[in-house]
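Subject: A structure for you to look at

Dear colleague,

I am passing on a structure that I would like you to open beside this message. Please read the notes below with the model in view, and follow each residue as it is named.

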Amino acid sequence: LEGNAVDQTIFEGHDLTMVNIWATFCGPCLDEMPDLGELNTQYADQNFQIVGIVVDVLNQDLTYNEEQVALAKEVVEKTGASYTHLLPSTDLLMNKLIYVTGVPETVFVDSEGNQVGESYLGARSKEEWSEIIEELLAEVQG
């Protein structure tokens with residue numbers, strides 16, 4: 001969202017990354033974002049991070065809709081979701097996002113970007129996410 005280029009190295013140095021796919025029109029997405037911001041801080045010292053991907057910012061010709069990008073930035077600020085949020089690239093769109101059937105959808109990946117565990121469709125409470133995060137951290141950290 002800040003205009004910086006991002007690649008696979010975003011996962012390096014983190015045993016587990018929670019990738020939360022969201023949209024500006026999605027009430028459940030916005031409702032869980034404050035909790036996700038807190039979880040990102042809570043687990044930061046355990047080599048954990050959250051990365052958000054906002055999906056409703058592309059025009060039909062795959063250019064970014066500047067009004068939607070501005071709205072996404074506003075949502076992030078208002079919800080306190082102060083972790084990294086990405087705009088979808090064409091590669092990301094073609095390799096993952098075309099398979100997303102609803103938002104929010106959340107996947108977890110290891111330091112190399114490989115998916116860990118299942119894909120979670122729908123929002124969860126902070127407590128539910130904590131349980132999932134702790135279980136997956138134990139799995140990847142051995």
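A disulfide, meaning a pair of cysteine sulfur atoms within 2.5 Å, joins Cys26 to Cys29, with an S to S distance of 2.3 Å. The link of Cys26 and Cys29 is right-handed, with 85° about the S-S bond, and by this rule the count comes to one disulfide. Both cysteines, Cys26 and Cys29, are buried, where buried means under 20% relative accessible area, exposed means over 50% and partly exposed lies in between, using a 1.4 Å probe and protein chains only.

Please keep in mind that this is a predicted model, in which local features need pLDDT of at least 70 and side-chain atom pairs count only at pLDDT 80 or more, while totals for chains, interfaces and linings use all residues. Residues are numbered from 1 along each chain as its sequence is written, and side-chain values use heavy atoms, with hydrogens and water left out.

The next topic is the nonpolar core, which is a set of buried Ala, Val, Leu, Ile, Met, Phe, Trp, Tyr and Cys residues joined through side-chain atoms within 4.5 Å. The largest such core has 29 residues, of which Met18, Trp22, Phe48, Phe108, Trp129 and Ile133 touch the most other members. Two or more residues each come from β1 (16-22), α1 (27-42), β2 (48-54), α2 (66-79), β5 (115-121) and α4 (126-141); these helices (H or I, at least four residues) and strands (E, at least two) are DSSP runs, numbered from the N terminus. With five residues, α4 gives the most to this core.

Strand β1 deserves a look of its own. Seven of the seven residues of β1 are buried, so this strand is largely enclosed by the rest of the structure. From β1, Leu16, Met18, Asn20 and Trp22 point one way, whereas Thr17, Val19 and Ile21 point the other way. Strands β1 and β2 run parallel and are joined by seven bridges, where pairing requires that DSSP finds at least two bridges between two strands, and Met18 stands opposite Ile50 in β2.

Finally, there are aromatic rings to find. Rings of Phe, Tyr and Trp (its six-membered ring) pair if their centres lie within 6.5 Å, and planes under 30 degrees apart count as stacked, over 60 as edge-to-face and the rest as tilted. By this rule the count comes to four aromatic pairs. The rings of Tyr120 and Trp129 have centres 5.6 Å apart and planes at 75°, so this pair is edge-to-face.

Best wishes
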